[in-house]
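Please read the following report beside the sequence and the three-dimensional view.

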Amino acid sequence: MLSRAYWDNGYAGNLVRNILVSFCGVLNRENMSCIYEYETYNKKKERNYTFIFQDSRIAFWMNELFDWRSEEEFASCFTLRYKFYQMADYYTTDPVSARHDNRLSILDFAKAYETGLIPEEEVMKELTLRYSSEEALGFASRFFSGSLTHWQKQKARKYETVDFTKFKELLSKVTARILDIELKRGDTPTDVSHLALKLEYVEGATYLVQILKAFGKDTFERTDYYYNSSYTKKEVLSKLLRCCYPAPEGNAEVLSALLKGSGITEKRLVEAAMYTPQWLDIIG
């Protein structure tokens with residue numbers, strides 16, 4: 001085993017990258033995965049599909065690719081890990097693999113986008129079309145709203161000094177599109193209902209009014225527990241209302257202008273303020 005001194009001076013990082021580049025060169029769709037069988041707690045036989053780079057003997061070295069120390073190292077590490085991700089078909093054939101510890105995070109994609117390593121379309125797909133999109137969108141939304149959990153803050157610490165201006169604008173575009181679809185829905189879930197439920201921050205009185213109009217006369221959901229959600233209209237709209245906040249420039253005059261002709265009553269506004277206390281000062 002390499003000594004700690006070698007890890008600290010970057011020698012091991014360079015060695016690992018060279019090893020994995022060579023390893024990647026001999027992988028293909030035929031030899032990069034395997035099926036293994038196991039028995040569940042109730043004695044049921046199960047078969048699972050996994051990728052060879054998730055073997056513990058290889059995953060140990062993959063983890064070193066997280067420890068980049070410069071822009072050059074990040075570019076090298078991201079490119080290699082992204083190559084594995086593509087070869088695994090973005091984990092669409094094996095959803096379990098999307099949860100392994102050494103996968104790319106949405107902040108990796110964001111930094112790669114900011115530095116020109118990947119195009120906007122690739123980040124959009126990661127946020128909306130892939131198996132890990134729910135987690136990616138939720139993490140990104142929490143990151144910019146300042147509501148990360150303790151564990152998530154530890155994961156994000158390495159990115160504290162990164163300028164995410166372009167990615168933040170892209171996230172706003174994605175959020176706006178999701179809301180545009182979801183706020184026009186009927187009783188049947190839309191193709192983005194599962195994503196709408198992952199949003200943690202929606203900004204502005206315009207969205208507050210749109211959400212309340214979409215509710216109609218229905219009551220607000222009184223739980224914030226969404227495990228195994230069926231994505232009902234009431235459930236999703238309640239989550240969106242709960243995470244809707246006034247814009248920095250928002251005030252009572254702006255809200256009053258938006259409410260004209262909306263059909264939203266004073267009583268309904270008071271109910272909304274009780275449900276989402278962040279609007280109390282503006283609604284009064």
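## Overall make-up and confidence

The chain holds 15 helices and 4 strands, where helices (H or I, at least four residues) and strands (E, at least two) are DSSP runs numbered from the N terminus. This is a predicted model, in which local features need pLDDT of at least 70 and side-chain atom pairs count only at pLDDT 80 or more, while totals for chains, interfaces and linings use all residues. Residues are numbered from 1 along each chain as its sequence is written, and side-chain values use heavy atoms, with hydrogens and water left out.

The average pLDDT, which is the predictor's confidence in each residue on a scale from 0 to 100, is 85 for the chain, and 85% of the residues score at least 70. Over residues 1–5 the pLDDT is below 50, and this stretch has 6 contacts in the model beyond near neighbours in sequence, a contact meaning heavy atoms within 4.5 Å. Where pLDDT is low, the predicted coordinates should not be read in detail.

Of the 284 residues in the chain, 44% are buried; buried means under 20% relative accessible area, exposed means over 50%, and partly exposed lies in between (1.4 Å probe, protein chains only). Among contacts between residues at least 6 apart in sequence, 69% join residues at least 24 apart.

## Helix α5 and its two partners

Helix α5 (residues 106–114) packs with helix α6 (residues 120–128) at an angle of about 165°, their axes being 10 Å apart. Axes are lines fitted to C-alpha atoms, for helices over the stretch in contact, and angles run from 0 to 180 degrees between N-to-C directions. The two helices are therefore roughly antiparallel to each other, a term for angles over 145 degrees, whereas those under 35 count as roughly parallel, 65 to 115 as roughly perpendicular and the rest as oblique. Helix α5 passes α6 in a left-handed crossing, meaning that the near helix is turned anticlockwise from the far one by less than a right angle, with clockwise giving a right-handed crossing. On the α5 side the contact is made by Ile 106, Phe 109 and Tyr 113, and on the α6 side by Glu 120, Glu 122, Val 123, Glu 126 and Leu 127. These residues divide into 5 nonpolar, no polar and 3 charged, where Ala, Val, Leu, Ile, Met, Phe, Trp, Tyr, Cys and Pro count as nonpolar, Asp, Glu, Lys and Arg as charged, and the others, Gly among them, as polar.

With α9, helix α5 packs at an angle of about 115°, the axes lying 8 Å apart, and here α5 makes a right-handed crossing. Ile 106, Ala 110, Tyr 113 and Glu 114 of α5 meet Thr 165, Lys 166, Phe 167 and Leu 170 of α9 in this contact, which by class has 5 nonpolar, 1 polar and 2 charged residues.

Leu 183 lies in the loop between α9 (165–182) and α10 (193–196) and is buried, with a relative accessible area of 13%. Leaving out residues up to four places away in sequence, Leu 183 touches Tyr 207, Gln 210, Ile 211, Ala 214, Leu 237 and Leu 240.

Ser 193 belongs to helix α10 and is buried at a relative accessible area of 1%. Its contacts, again not counting residues up to four places away in sequence, are Glu 182, Arg 185, Tyr 231 and Val 236. Tyr 231 sits in the loop between α11 (205–215) and α12 (233–242), is partly exposed with a relative accessible area of 24%, and has a positive phi of about 55° although it is not a glycine.

At 60% relative accessibility, Lys 43 counts as exposed.

Leu 255 is found in helix α13 (residues 252–259) and is buried at 3% relative accessibility. Apart from neighbours within four places in sequence, Leu 255 is in contact with Ala 205, Leu 208, Val 209, Ile 282 and Ile 283. Leu 280, in helix α15 (residues 280–283), is partly exposed, with a relative accessible area of 35%.
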